[in-house]
Amino acid sequence: MIGAAPAPAVAAQVPGWAVPVIEIRRASRVYDMGGLTVPALLEADLRVEQGEFIAIIGPSGSGKSTLMNLIGCLDRPTSGEVLLVGRSVADLDDDGLAAMRSRFIGFIFQSYNLLPRTTALENVAAPLLYQGVGRRERLERARATLEAVGLGDRTGHQPTELSGGQQQRVAIARALVTNPPLILADEPTGNLDSHSGAEVMALLRSLHASGRTIVLITHDAAVASSAPRQVHIFDGRLVA
Amino acid sequence: MSLIELVRLALARLAVSRLRAALTMLGIIIGVASVIALVAVGQGATSGITQQLESLGTNLLTINPGATTTGLVRGAGGSATTLTLDDAAAVASLPGVSAIAPQTQTQAVVVSPTANTTTSIVGTNADYAMVHNFQIWQGTFLTPLEVESGLRVAVLGATTADDLGLDATAIGSTVTIGGLPYTVVGILQAKGGTGFVSQDDQVLVPLGTVTKYFTGSDTLRSVAVSVASADAMTSTTDAITGALRTRHSLAATDTSDFTITTQAQLLSTVGNVTSILTALLAGIASISLVVGGIGIMNIMLVSVRERTREIGIRKAIGAKRRDILLQFLIEALTLSMLGGVFGIVVGLVVSGVIDKIAGWPLVINPTTVVLAVGFSGIVGIVFGVWPARQAAVLDPIVALRYE
């Protein structure tokens, strides 16, 4: 699979299986710290097919976040290639990356990252705003997605009026509402008690069961054990 | 993202921090309100003064002693001794002059049986009423005989009569002016129009009584000249100038020791002065608009800093630079435009109140209103762009980590 020809652009529009959701080839990310170069990720290779549920496990400082930023189109590799649904992100500008995030990725963060003083419904609807979806449809889809994660009765609540587990479920609904090819979850249970954490993991497993592609990034092997496939990262190197 | 979505976002945000939004808007409100109020007051003053000047009399020339410097500002008061009663008589005999009213003036306390007031005592002749376009309300005006004899008779202005508690029945009664009794022979009809000098607050007495009992000299404060027709204004002005220069033995190179002012000159001078003042006031008020804009910029910068994480979240879920830029720009613009609208309301109320107190007509200039709102919009954009750019270029990775 390494060195495979880039998939033709057409293939990406066909739902699915012809193109891997993530394809990383010899990707490195080096930070320049005042003349001192610090490699955070070294020649990583990774391929995630559609419908996979994969956990990336590593201690803090291992390059986990760097890898997540690359997969999440928040950053570009210093060298090598990162392809998302067949599209290279290396040469995209900031707005190009934003467009990739908007179309292909649903983020779930450790600290939920809901918009403050904004209702659950508006929070879930927010990604659709940047896809140019009209207000009525936005709210309809957001409501449906909130119901799907079991929060149909919390649509008018603000983040501060919700428990941690509920907030994270709102965040999951927000990640799902655009129906993205990839769900990227960064320590989704890190701020939760074990009960809420188990609920969130159960939700992720059920999403996987319904065919979603999920990348879970965690330092916690127990959490990672939910995922059928596990990849370790250590000192900036991926170990399958 | 459509404009409606952006305005909705901005309004939702401003609703969250109402006090802050209100205080930020206050700068713009004050700026716009003061521009509108000051311009309206300036224009009200102009039209008030103009009305008053027009009521002073038509085809009127005024001869004043002393040289003018610029505009309405006259030279030193000490020079005001060059115009005499003989000069006035010479002017009266010139062709084109239909009547003259020599005037000398002093301030004195006037006492009636029930009240007293301090007002202008104008010594003049029987033609004063005609020259200055005054109508008599009760009694008669000064007669030539009374003036010639220097009788102690007085004609009261409407306001003065009112101040003294005198009505129509006061004709023939006695008031004390500067300690001496005068017989009230007439009361003038009010001209209306108040302002910096009221023509209705004065007492007219024969010229001779003022020179005899008050000023002690026969020099005049001014001579009002009624010209036979409007066409003759220029030629009459020239004739008066020539006659007075000859009488004052001025050489061709000397400047005149008197000035002749026409109504038209006065009107245009007043117009110039007030429009300069209005522009000046509006200029000063615009400074407060700029200050208000800086207030908006300040609060938007703080807002960008506080909402760094929100910006990071929005970028992570797909917001482009432009989306963030517009969100913050529209927020600043909403602040400034709302401030502008409230400012118009406040400005109109304030100018209405001031014009009412001053007795000027309320003049609202739509151009000013449009300009003020337009300017506040520009202020919003100019001072909103920089903070909005700061927000737009934030790196989402850094912004998401920001606490």
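Q: Let's start in the sheet: which residue of β2(A) stands opposite A:Glu23?

A: That's A:Arg47. Keep in mind that this is a predicted model. As a general idea, strands of a sheet pair through backbone hydrogen bonds, and the pairing can be parallel or antiparallel. Here, strand β1 (residues 22–33) of chain A pairs with β2(A) in the antiparallel sense, over nine bridges.

Q: In what order do the strands of that open sheet run?

A: Four strands of chain A make up the open sheet, ordered β2-β1-β4-β5, with antiparallel pairing.

Q: And which strands stand at the edges?

A: Those are β2 (36–48) and β5 (87–88) of chain A. Each has a single partner strand, so one side of each is left without a neighbour in the sheet.

Q: On to backbone angles. How do I read a positive phi?

A: Most residues other than glycine have a negative phi. Against that background, look at A:Asn113, which has a positive phi of about 55° although it is not a glycine. You'll find A:Asn113 in the loop between β6 (105–108) and α4 of chain A.

Q: Is A:Asn113 buried or exposed?

A: A:Asn113 is buried: 22 other C-beta atoms lie within 10 Å, and the cut-off for buried is 20 or more.

Q: Which loop holds A:Asp235, and what is its phi?

A: A:Asp235 sits in the loop between β9 (229–234) and β10 (237–239) of chain A. Its phi is near 50°, again positive in a residue other than glycine. A:Asp235 is partly exposed, with 14 other C-beta atoms within 10 Å.

Q: How do I describe two packed helices?

A: You give the angle between their axes and the distance between the axes. Take helix α3 (residues 85–92) and helix α8 (residues 233–247) of chain B: their axes come within 10 Å and cross at roughly 140°. The crossing of α3(B) and α8(B) is right-handed.

Q: Which residues of α3(B) and α8(B) meet?

A: From α3(B), B:Asp87, B:Ala90 and B:Val91 meet B:Ile240, B:Ala243, B:Leu244 and B:Arg247 of α8(B). By class, this contact has five nonpolar residues, no polar ones and two charged.

Q: Last one, the two chains: how many residues does each give to the contact?

A: Chain A gives 19 residues and chain B gives 16 residues. On the chain A side, the elements that give two or more residues are α3 (94–104) and α4 (120–129). Sorted by class, the side of chain A that touches chain B has nine nonpolar, four polar and six charged residues.

Technical notes
Residues numbered from 1 in each chain as written. Chains lettered and ligands numbered in written order. Predicted model: local features only at pLDDT ≥ 70, side-chain atom pairs only at ≥ 80, totals over all residues. Contact = placed C-beta atoms within 7 Å. Nonpolar A, V, L, I, M, F, W, Y, C, P; charged D, E, K, R; others polar. Buried ≥ 20, exposed ≤ 12 C-beta atoms within 10 Å, placed from the backbone. Axes fitted to C-alpha atoms, helices over the stretch in contact; angles between N-to-C directions. Left-handed = near helix turned anticlockwise from the far one by under 90°. Pairing = 2+ DSSP bridges.
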